[in-house]
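Please open the model in your viewer and keep the sequence at hand, so that each selection can be followed as it is described. The tour goes from one selection to the next and says what is to be found at each stop.

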Amino acid sequence: MDKVEIILPLKVDSKLSLNSIYAGKKWYIRQNQARKIHQLVRLELINQRVPKKLFENPARIEFYWNSLLDLDNHGYVAKLIIDRLKGYLIRDDSKKYIEKITHSYWLGKGVKIRISESEERLDCENKK
């Protein structure tokens with residue numbers, strides 16, 4: 001598989017900000033947010049007819065956000081999304097299976113996620 005692109009109909013605001021975690025968000029709120037994001041990602045993978053097939057080589061994941069958050073504040077929601085991609089498009093979120101994650105802004109609605117396969121198979125032992 002070369003590349004997969006999906007768009008999540010998700011409005012990202014300060015409730016999903018990394019800053020909200022530092023502010024001491026309660027565990028049950030984080031758990032509820034994770035459940036909702038995981039369900040949304042699964043539903044959109046199915047609705048957008050993305051085949052359940054793991055990338056063979058390490059993946060590069062690009063996030064495109066349309067929010068007022070600083071780019072570095074999207075880390076929390078990016079983690080929730082990646083956690084749901086495990087077992088569907090990527091085997092794991094370790095450095096053996098994800099080579100690069102980038103964050104950019106865009107003017108479209110929702111969150112665009114582009115997952116592409118690295119050109120070369122990485123030797124995990126040499127990437128410490």
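What follows is a walk through a predicted model, with a few residues or elements to select at each stop.

**First stop: helix 2**

Begin by selecting residues 27-47, which make up helix 2, a run of 21 residues that reaches 30 Å from its first C-alpha to its last, close to the 30 Å expected at 1.5 Å a residue. Within this selection, colour Gln 33, Ala 34, Ile 37, Leu 40, Val 41, Glu 44 and Leu 45, which are the buried residues of helix 2. Because these residues cover an arc of only 135° around the axis, they are on the same side of helix 2.

Turn next to Trp 27, Tyr 28 and Ile 29, which together make a nonpolar surface patch of about 350 Å². Tyr 28, which lies in helix 2, is partly exposed, with a relative accessible area of 46%. After helix 2 comes Arg 49, a residue whose phi is positive, near 55°.

**Second stop: the salt bridges**

The count of salt bridges in this model comes to six, and a few of them can be visited here. Select Arg 114 and Glu 5, whose side chains meet in a salt bridge with an N to O distance of 2.9 Å. Since Arg 114 belongs to strand 4 (residues 111-117) and Glu 5 to strand 1, the pair ties together parts that are 109 residues apart in sequence. Glu 5 is partly exposed, its relative accessible area being 38%.

Move on to helix 3 and select Lys 79 and Asp 83, which both lie in this helix, four residues apart, or about one turn of the helix. Their side chains meet in a salt bridge at 3.1 Å, N to O, and Lys 79 is partly exposed, with a relative accessible area of 45%. Asp 83 also forms a salt bridge with Lys 86, at 3.6 Å, N to O, and Lys 86 counts as partly exposed at 29% relative accessibility.

Now select Val 12, which is found in the loop between strand 1 and helix 1 (18-22). Is Val 12 buried or exposed? At 6% relative accessibility, Val 12 counts as buried, because the cut-off for buried is under 20%. Leaving aside its neighbours within four places in sequence, Val 12 is in contact with Trp 65, Ser 67, Leu 69, His 74, Val 77 and Val 111. For one of these, His 74, the C-alpha to C-alpha distance from Val 12 is 8.4 Å, although the two residues are 62 residues apart in sequence.

**Last stop: Tyr 105**

Finish with Tyr 105, which lies in strand 3 (residues 98-105) and counts as partly exposed at 43% relative accessibility. When its neighbours within four places in sequence are left aside, the contacts of Tyr 105 are Tyr 64, Trp 65, Ser 67, Leu 69, Asp 70, Leu 71 and His 74. Between Tyr 105 and Ser 67, a pair 38 residues apart in sequence, the C-alpha to C-alpha distance is 7.8 Å.

Conventions
Residues are numbered from 1 along each chain as its sequence is written. This is a predicted model: local features need pLDDT of at least 70, side-chain atom pairs count only at pLDDT 80 or more; totals for chains, interfaces and linings use all residues. Side-chain values use heavy atoms; hydrogens and water are left out. Helices (H or I, at least four residues) and strands (E, at least two) are DSSP runs, numbered from the N terminus. The expected span of a helix is 1.5 Å times one less than its number of residues. Buried means under 20% relative accessible area, exposed over 50%, partly exposed in between (1.4 Å probe, protein chains only). The arc is that of the directions from the helix axis to the C-beta atoms. Patches are made of residues with over 30% relative accessible area and no salt bridge: like charges are joined within 9 Å, nonpolar side chains (Val, Leu, Ile, Met, Phe, Trp, Tyr) within 5 Å. Accessible areas come from the Shrake-Rupley method with a 1.4 Å probe; for residues, only the protein chains shown count as cover. A salt bridge is a side-chain nitrogen of Lys or Arg within 4 Å of a carboxyl oxygen of Asp or Glu. Contact means heavy atoms within 4.5 Å.
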